[in-house]
Amino acid sequence: MKHSEPTPSAATRTITQTPSANGTAKMGTVDTTVTVKKELNGGEILIQGLLDQGVDTIFGYPGGVVLGIYDSLFKTPQLRHILVRHEQ
């Protein structure tokens, strides 16, 4: 099953206080546009955090609970995964 990615959308927010010269808050509005690209799941957040920290290689053992992370990892060619094994 293929998941479709949401299309980018824009939202507008209003800032209602701006500082004045004497340090008190002056009422006013400033409109800013925020672009929302897509909602991230936990695996995507983890992978993005690893990339932000400069990680290029991770070691892991796929299964059960971490399959969501491996789904995100599969879509990220910047990270190298090394499958660990336990030889008993």
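In helix H1 (residues 42-52), the residues Gly43, Glu44 and Ile47 are buried, where buried means under 20% relative accessible area, exposed over 50%, and partly exposed in between, with a 1.4 Å probe and protein chains only. They cover an arc of only 95° around the axis, which puts them on the same side of H1; the arc is that of the directions from the helix axis to the C-beta atoms. Helices (H or I, at least four residues) and strands (E, at least two) are DSSP runs, numbered from the N terminus.

Before I continue, a word on the source. This is a predicted model, in which local features need pLDDT of at least 70 and side-chain atom pairs count only at pLDDT 80 or more, while totals for chains, interfaces and linings use all residues. Residues are numbered from 1 along each chain as its sequence is written, and side-chain values use heavy atoms, with hydrogens and water left out.

To return to H1: the face turned away from its buried side carries the exposed residues Gly42 and Asp52. At the start of H1, the backbone nitrogen of Gly43 has a side-chain oxygen of Asn41 within 3.0 Å. After H1 comes Gly54, with a positive phi near 85°.

What covers the buried residues of H1? Helix H2 is included in that cover. Within H2, which spans residues 67-74, I draw attention to Ser72. Ser72 is buried, at a relative accessible area of 4%. A polar atom of the Ser72 side chain lies 3.3 Å from the backbone nitrogen of Glu44. Not counting residues up to four places away in sequence, Ser72 touches Asn41, Gly43, Glu44 and Ile47, contact being defined as heavy atoms within 4.5 Å.

Ile47 in turn, leaving aside neighbours within four places in sequence, is in contact with Ile69, Ser72, Leu73, Thr76 and Leu79.

Finally, the strands. Strand E3 (residues 57-60) has Ile58 and Gly60 on its covered face, and Thr57 and Phe59 on the uncovered one. E3 runs parallel to strand E4 (residues 80-83), and four bridges join them; strands pair if DSSP finds at least two bridges. Leu83 in E4 is the bridge partner of Gly60. From E3 the chain crosses through H2 to E4, in a right-handed β-α-β crossover, that is, clockwise from the first strand over the helix to the second with the strands pointing away from the viewer.

Definitions and conventions: A polar contact is a pair of N or O atoms within 3.5 Å; within protein, one must be able to donate a hydrogen and the other to accept it, and residues adjacent in sequence count only if both atoms are side-chain atoms.
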